[in-house]
Amino acid sequence: MADYYRKIELQSPEDLQYLISNVRRAANEKIDRDLPPVEGEDPMRRRVEELVQNYIRKVFETAAENITINGLPPSPGLITSSLNDSNTKPVIIEEHEPLNSKLFERAKELARQEEDLIEEIAELRKKMPGIAVEQARNTHKIWLEADEAALKIGEDRIKTSDSFRQVDLKVKEFERQKDLEESWAKGIKGLGKLKRTMPETVAKKEKAERAENYVLASDKS
């Protein structure tokens, strides 16, 4: 008895097109790797592509009797139209799950929570700057009052302290203060004498210059 092989079960004609597109795409990738495209005509590459495409066509035409689509064998026209489609990109089939009412309600609840949070954040953005300023003002006021109270306590202690009223600064005279005073007095006295004798000295100098000029003039004559 011959072994029984299960047929390839597909759900829709798009599944068949998906298989053909993937096979062609894999074949083209191998051709590009072994025979990279070049500029101009490439007869060898074109011939290889023809042979590969014919081989793929024969494979699917031969395997058609072992394929079912929704439990039915595909028609020759469907096989031919799928093979004639030159698209090598996989066909993306979108499938949608049945609506899950629990997940839908959960999503709605999360959306409501998101809206509430957005409103709360907007409200905080309006209120928080004023609240922060008020808190800072109160904090600085408390610190200032505490500093003023501490300062007043210190002042009261100083005013009521006996040692403060009997403070002796004990400022001593500078060393050599007497010598400095005497030197200063001598300097002032010397300046006064110099002031008095200055005109006389200038007059003597001028008189000596005139005498010198007279003597020099006499020698020349």
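Helices α2 (residues 43–63) and α3 (residues 76–84) bring their axes within 10 Å and cross at roughly 155° in this predicted model. That angle is over 145°, so α2 counts as roughly antiparallel to α3. The crossing of α2 past α3 is right-handed. Helix α1 (residues 13–34) also packs with α2, and the axes of α1 and α3 come within 9 Å.

**Overall layout**
- The protein chain contains six helices and two strands.
- Along the sequence, these elements follow the order β-α-α-β-α-α-α-α.
- The chain has 221 residues, and 10% of them count as buried.
- Among contacts with a separation of 6 or more, 70% join residues 24 or more positions apart.

**Helix α2 with helix α3**
- On the α2 side, the contact is formed by I56, R57, F60 and E61. On the α3 side, these residues meet I79, L83 and N84.
- By class, the α2 and α3 contact has four nonpolar, one polar and two charged residues.

**Helix α1 with helix α2**
- The pair packs at an angle of about 150°, with axes 11 Å apart.
- An angle over 145° counts as roughly antiparallel, so α1 and α2 fall in that class.
- Helix α1 passes α2 in a right-handed crossing.
- From α1, the contact draws on L16, L19, I20, V23, R24, A27, N28, I31 and D32. Their partners in α2 are R45, V48, E49, V52, Q53, I56 and F60.
- Sorted by class, this contact of α1 with α2 holds 10 nonpolar, two polar and four charged residues.

**Helix α1 with helix α3**
- The axes of α1 and α3 cross at roughly 40°. That makes α1 oblique to α3.
- The crossing of α1 and α3 is right-handed.
- P13, L16, Q17, I20 and R24 are the α1 residues in this contact. They meet L78, I79, S82, L83 and N84 in α3.
- The α1 and α3 contact has six nonpolar, three polar and one charged residues.

**Residue A63**
- A63 sits in helix α2.
- The relative accessible area of A63 is 25%, so A63 is partly exposed: the class lies between under 20% for buried and over 50% for exposed.
- In sequence, A63 and K7 are 56 residues apart. In space, their C-alpha atoms are 9.5 Å apart.

**Residue N70**
- N70 lies in the loop between strand β2 (67–69) and helix α3.
- Phi of N70 is near 55°, a positive value in a residue other than glycine.
- N70 has a relative accessible area of 55%, which is over 50%, so N70 counts as exposed.

Definitions and conventions:
Residues numbered from 1 in each chain as written. Predicted model: local features only at pLDDT ≥ 70, side-chain atom pairs only at ≥ 80, totals over all residues. Heavy atoms only, no water. Helix = DSSP H or I, 4+ residues; strand = E, 2+ residues; numbered from the N terminus. Buried < 20%, exposed > 50% of the residue type's maximum accessible area, 1.4 Å probe, protein only. Contact = heavy atoms within 4.5 Å. Axes fitted to C-alpha atoms, helices over the stretch in contact; angles between N-to-C directions. Parallel < 35°, antiparallel > 145°, perpendicular 65-115°, else oblique. Left-handed = near helix turned anticlockwise from the far one by under 90°. Nonpolar A, V, L, I, M, F, W, Y, C, P; charged D, E, K, R; others polar.
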